[in-house]
Amino acid sequence: MKIGIIVAMEKELRELQKVFSDDPRYVIMQCGIGKVNAAIGAAEMIRQHHPDAIISSGCAGGNGDNLKVQDVVVSTELAYHDVYCGEAVDGSCVYGQVQGMPARFQADPNMLAVAKKLSTINSQISTVFGLIVTGDWFVDSREKMRQIIEKFPDARAVDMESCAIAQTCHIYGVPFISFRIISDIPLSDTNASQYHDFWSQMADRSFHVTRAFVEALARNELK
């Protein structure tokens, strides 16, 4: 099987390239930051490489008392925190939903099952499962994070790409999951200092868990 891995930033790409060899089963792409770049990247990944599954990887801001920097959040579902289409004709369109699309995109159940199994057998990986929300908004203050979790109190991570990739995969029928390493906890941070510390001190140790996850998926072959 072939697994596509999409990251937003060059420094995320460099970290993944350190832990992945030139294996034709894995295609790593840098899409650029934000929802439009993410959607285009996912569409091009599908068009050019025809992956059997796609993973959104990289870092994210975390939410929750039990989360800490370097923990991994695996998406069970995904939504937009900055989308509001108004009330649909039948009144069913909710905040965070693109009209005509699901209110929340569900992670592929087979990929999710592999992630959960890996988390139980590998004690070195601190994994949390839950909602990831996406928007074109870098969360560098407590105030911004509070605005997001006011609408999505159950969100475990916030990023700028995952839901856009999920929507693209939904449209093209490609299994998808997001696997995000927590770089900062905005509600307990000041001026994104944790985020900058993550890249200067800890990132080179963090992305090895991505490899463990992807290899587990490859062994499972999405059966």
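1. N63 touches M145, I149, P153, A155, R156 and L187 when residues up to four places away in sequence are not counted, a contact being heavy atoms within 4.5 Å. The place of N63 is the loop between strand 3 and strand 4, where helices (H or I, at least four residues) and strands (E, at least two) are DSSP runs numbered from the N terminus. N63 has a relative accessible area of 9% and is therefore buried; buried means under 20% relative accessible area, exposed over 50%, and partly exposed in between, with a 1.4 Å probe and protein chains only. A polar atom of the N63 side chain lies 2.8 Å from the backbone oxygen of A155.

2. A word on the basis of these values: this is a predicted model, in which local features need pLDDT of at least 70 and side-chain atom pairs count only at pLDDT 80 or more, while totals for chains, interfaces and linings use all residues. Residues are numbered from 1 along each chain as its sequence is written, and side-chain values use heavy atoms, with hydrogens and water left out.

3. The largest nonpolar core has 62 residues, and those with the most contacts inside it are I3, I54, I55, I165, I177, F213 and V214. Such a core is a set of buried Ala, Val, Leu, Ile, Met, Phe, Trp, Tyr and Cys residues joined through side-chain atoms within 4.5 Å. Helix 7 (residues 208–220) gives the most to this core, with 6 residues. A second, separate core of 10 residues includes V139, I149, F152 and V158.

4. Which residues of helix 2 are buried? They are K35, A38, G41, A42, A43, M45 and I46, and the buried residues of this helix pack against several elements, including strand 1 (3–7), strand 3 (53–62) and helix 5 (162–172). Helix 2 has 15 residues (35–49) and, at 1.5 Å a residue, should span 21 Å, which agrees with its end C-alpha atoms being 21 Å apart; the expected span is 1.5 Å times one less than the number of residues.

5. The structure holds 4 aromatic pairs, where rings of Phe, Tyr and Trp (its six-membered ring) pair if their centres lie within 6.5 Å, and planes under 30 degrees apart count as stacked, over 60 as edge-to-face and the rest as tilted. The rings of F20 and Y26 have centres 5.3 Å apart and planes at 75 degrees, so this pair is edge-to-face; F20 and Y26 are both buried. The pair of Y95 and F152 is tilted, with 6.1 Å from centre to centre and 50 degrees between the planes. Because Y95 lies in the loop between strand 4 and strand 5 (105–106) and F152 in the loop between helix 4 (142–151) and strand 7 (155–159), the pair ties together parts that are 57 residues apart in sequence.

6. Is Y95 buried or partly exposed? Y95 is partly exposed, with a relative accessible area of 32%, whereas F152 counts as buried at 4%. K151 lies over the face of Y95, at 4.6 Å from the ring centre; a charge sits over a ring if NZ of Lys or CZ of Arg is within 6 Å of the ring centre and within 35 degrees of the ring normal.

7. H50 has a positive phi of about 50 degrees although it is not a glycine. H50 is exposed, with a relative accessible area of 58%.

Key: A polar contact is a pair of N or O atoms within 3.5 Å; within protein, one must be able to donate a hydrogen and the other to accept it, and residues adjacent in sequence count only if both atoms are side-chain atoms.
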